[in-house]
Amino acid sequence: MATQNDIIVGFALYQGCTLVDFAGATQVFSACDGFKPLWLANEETITTTEGITVVPNFTFSNAPEVAILFIPGGGQEGVISTMQNQIYLNFIKKIAETTLWNDSVCTGAFILAAAGILKNCLATTYWSQIPTLGLLSNHLQLKIPPSYPRFSIDVERKIFTGGGISSSLDLALEMVLILKGLEAAQTAQLFIQYQPNPPVDAGDPDHAPQYITDKLRKEDQSFSDALALQIKKIIN
């Protein structure tokens, strides 16, 4: 049951964000006492990259104060458009001034960067876009951890970034662990029966066959190019 003392997690949605990026983390926070996840957007409905339409709890104009800002990743059109959307960027900038933590998962890291929030910290993103994020290293003084972590925590800067899509569950569970302790995290994990044991082992390039990695990286090249172009605008 929600209480006035609950930590409000605000998921700032946009057209073309990815469903599991915010729905997975919402499920984790909902399974733990002391958190209240809310979906926020500047539009009445949001259509995800999967073609699913969701209804936000609040608009940007009537959103409550948020303790944890959470930015989902999305597809090429959604992410690039949002990186250029001053209404969206100004909204999350304002929220970030008073939050306990600022989080992103997947390509949501580039939106945090566009808002000027992702600075002087450790950060990661979707596996194929890690080199693209690296283009911001000098400009934003980013440190990018090696390989393909499920999430990255910068305790000093209070910034949490996750890998791709399903990483949102791990990121959210780690947030529960940090803020509410081991028992709360274990309870949430058991409640959602999150005990990953997939039938295949190809969840990142360190495990997937090289030809599949190459195929997906090639398919993602146009996204990488579009992000790189947008990054040049941020740097200049």
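This is a predicted model: local features need pLDDT of at least 70, side-chain atom pairs count only at pLDDT 80 or more; totals for chains, interfaces and linings use all residues.
Visitor: Is Ser147 buried, partly exposed or exposed?

Guide: Buried means under 20% relative accessible area, exposed means over 50%, and partly exposed is in between (1.4 Å probe, protein chains only). Ser147 has a relative accessible area of 40%, and therefore counts as partly exposed.

Visitor: Which residues does Ser147 touch, not counting residues up to four places away in sequence?

Guide: A contact requires heavy atoms within 4.5 Å. Asp204 is 57 residues from Ser147 in sequence, with 9.1 Å between their C-alpha atoms. The residues that Ser147 touches are Ile130 and Asp206.

Visitor: How many helices and strands does the protein have, and what is its radius of gyration?

Guide: Along the principal axes, the C-alpha atoms fill a box of roughly 45 × 45 × 35 Å. The radius of gyration is taken over C-alpha atoms, and the globule rule is 2.2 Å times the number of residues to the power 0.38. For 236 residues, a compact globule would have a value near 18 Å, and the protein agrees with this. The protein has 10 helices and nine strands, and its radius of gyration is 17 Å.

Visitor: What percentage of the contacts between residues at least 6 apart in sequence join residues at least 24 apart?

Guide: Of the 236 residues, 51% count as buried. Among the contacts between residues at least 6 apart, the share that joins residues at least 24 apart is 68%.

Visitor: How many disulfides are counted?

Guide: A disulfide is a pair of cysteine sulfur atoms within 2.5 Å. By this rule the count is zero.

Visitor: Which cysteine has the sulfur nearest to that of Cys17?

Guide: Cys17 is buried, with a relative accessible area of 0%. Cys17 takes part in no disulfide, and the nearest cysteine sulfur, 11 Å away, belongs to Cys106.

Visitor: In which strand is Phe70 found, and which residue lies 45 residues from it along the chain at a C-alpha separation of 9.2 Å?

Guide: Phe70 counts as buried because its relative accessibility is 0%. Its contacts, leaving aside residues up to four places away in sequence, include Val9, Phe11, Phe29, Asp103, Val105 and Leu171. The strand of Phe70 is β6 (residues 68-71), and the residue at 9.2 Å is Ala25.

Visitor: With which residues is Ile95 in contact, leaving aside its neighbours within four places in sequence?

Guide: Ile95 is found in helix α3 (residues 86-96). A relative accessible area of 10% places Ile95 in the buried class. The residues in contact with Ile95 are Leu40, Val66 and Leu69.

Visitor: In which helix does Ala188 lie, and with which residues is it in contact beyond four places in sequence?

Guide: Ala188 is buried, at a relative accessible area of 0%. The helix of Ala188 is α8 (residues 182-191), and its contacts are Val28, Ala31, Cys32 and Leu173.

Visitor: What are the phi values of Lys158 and Ile165?

Guide: Most residues other than glycine have a negative phi. Lys158 is placed in the loop between β8 and β9 (159-162), whereas Ile165 is found in the loop between β9 and α7 (167-180). Lys158 is partly exposed at 35% relative accessibility, and Ile165 is partly exposed at 34%. Phi is positive in each residue: for Lys158 it is near 60°, and for Ile165 it is about 45°.

Key: Residues are numbered from 1 along each chain as its sequence is written. Side-chain values use heavy atoms; hydrogens and water are left out. Helices (H or I, at least four residues) and strands (E, at least two) are DSSP runs, numbered from the N terminus.
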